[in-house]
Amino acid sequence: MRAAVLHEIGQDKLEVLDDVEAVGFGPGKVRIRVRATGLCHSDLSAMNGVLPQPAPFVPGHEGAGEILEVGEGVGHLKAGDRVVVCWLPACGACPACKRGQTELCLAGFMNAGTPNFKRPGGDLFGFAGTGTFAEEVVVDAGCAVPIPDDVPFDIAALIGCGVTTGLGAALNTADVEAGSSVAVIGCGGVGISAIQGARLKGAAEIVAVDPVAARREAALTFGATRAVSPDELPDAKQQVTAGEGFDYVFEVVGKSATARTAYDNTRRGGTLVVVGAGAMDDFLKLNMFELFFDEKRILPSMYGGGDVLRSYERTIALWRAGRVDLAGLITHRVPLTEINEALDQMRTGASLRTCIEI
């Protein structure tokens with residue numbers, strides 16, 4: 001079958017190969033025919049080594065498709081079912097799951113160290129235990145979440161990661177208060193989803209911050225009340241908050257520099273939500289006095305900070321009701337053979353989300 005492969009960490013191009021095989025099918029597993037997958041910035045981060053991932057590997061973790069076959073012991077799925085791929089399934093039995101923090105379940109991460117593809121040259125890993133830049137993928141049955149027939153595969157793919165992460169950061173982690181002021185630093189697909197979440201919660205002012213003009217313009221169509229470049233943020237802070245700082249600031253880049261900027265633009269007693277996935281050797285520097293004196297809450301948000309399955313259901317309900325725009329997030333569509341063009345579009349900020357049609 002066909003799949004896009006990164007041979008070594010640090011390479012910036014994927015090779016689309018026809019000799020890849022999805023492996024590992026058996027009890028408790030399902031084989032999925034991938035129909036659509038989104039290109040998420042986390043895929044780039046895994047390729048360049050910011051996120052740890054063994055190589056060679058097949059990127060992609062934001063996918064949707066249909067079940068081809070189910071392994072022994074899988075009773076809730078059958079061939080033909082339409083599913084979204086969940087890269088972080090909850091086991092339901094670990095301490096995090098029992099506390100209701102299913103987004104912190106580590107069971108899914110254990111899959112990342114087991115190859116789930118192979119080719120004549122050897123084994124291949126799937127990013128985050130999935131690898132949706134492929135025509136087929138074999139995953140644990142818990143990674144395949146059924147979706148209603150009226151949800152298109154491209155929309156379902158977005159729900160699998162970026163939309164759930166961004167919406168959840170505003171709805172779950174921050175629980176944005178109606179009438180509040182919000183700034184979102186980084187306005188790709190996840191940042192735009194955070195903007196939509198803040199709008200749903202009734203934020204009075206939502207300032208989108210991004211260096212790319214096209215993304216700033218797009219943010220205004222998704223609910224931002226104003227959009228500025230990073231250099232213009234101080235003026236926006238003064239105009240919107242009289243210099244006090246925003247009630248909520250979302251950092252959706254994953255770098256210490258932007259996290260520091262987010263902290264500095266959060267009002268005393270306000271909330272900084274860290275959404276971006278950064279590198280293990282990139283440290284955020286804060287002094288002990290400001291932590292004590294400013295009493296700013298710093299809230300990391302992992303995969304939307306809530307029950308993933310419930311978040312999927314909520315997003316579908318909001319999409320059906322026209323309360324969130326998911327189709328508008330897809331700015332580009334390309335076949336798998338053009339995956340490197342899609343990567344370039346993301347690197348330059350030309351796209352919000354690219355749908356890879358497989």
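Tutor: Start with Pro56, which sits in the loop between helix H1 (41-47) and strand E5 (57-58). Helices (H or I, at least four residues) and strands (E, at least two) are DSSP runs, numbered from the N terminus. Ala55 and Pro56 are joined by a cis peptide bond, with omega about 0°. This is a predicted model: local features need pLDDT of at least 70, side-chain atom pairs count only at pLDDT 80 or more, and totals for chains, interfaces and linings use all residues. Residues are numbered from 1 along each chain as its sequence is written, and side-chain values use heavy atoms, without hydrogens or water.

Ala242 lies between helix H8 (233-241) and strand E15 (246-251). Its phi is near 55°, a positive value in a residue other than glycine.

Now the helices. Two packed helices are described by the angle and the distance between their axes. Take H5 (residues 162-174) and H6 (residues 189-200): their axes come within 7 Å and cross at roughly 40°. Axes are lines fitted to C-alpha atoms over the stretch in contact, with angles from 0 to 180 degrees between N-to-C directions. H5 and H6 are therefore oblique to each other. Angles under 35 degrees count as roughly parallel, over 145 as roughly antiparallel, 65 to 115 as roughly perpendicular, and the rest as oblique.

From H5, the contact with H6 uses Gly162, Val163, Thr165, Gly166, Leu167, Ala170 and Leu171. H6 answers with Val190, Ser193, Ala194, Gln196, Gly197, Ala198 and Leu200. Contact means heavy atoms within 4.5 Å. By class, this H5 and H6 contact has eight nonpolar residues, six polar and no charged. Ala, Val, Leu, Ile, Met, Phe, Trp, Tyr, Cys and Pro count as nonpolar, Asp, Glu, Lys and Arg as charged, and the others, Gly among them, as polar.

H5 also meets H11. Their axes come within 10 Å and cross at roughly 95°. That makes H5 roughly perpendicular to H11. H5 brings Val163, Thr164, Leu167, Gly168, Leu171 and Asn172, while H11 brings Ser311, Tyr312, Arg314 and Thr315. Four of these residues are nonpolar, five polar and one charged.

Strand E11 (144-146) and helix H11 (308-320) each give two or more residues to the lining. That lining has nine nonpolar residues, three polar and one charged.

Elsewhere, there is one cavity of 30 Å³ or more. Its lining includes Thr37, Asp154, Ile330 and Arg353. On a 1 Å grid over the protein atoms alone, a 1.4 Å probe fits in a cavity but cannot get out, a pocket is an open set with protein on both sides within 12 Å along at least five of seven lines, and lining residues have an atom within 4 Å of a point. Points join across faces, edges and corners, and volume is the space filled by probe spheres set on them.
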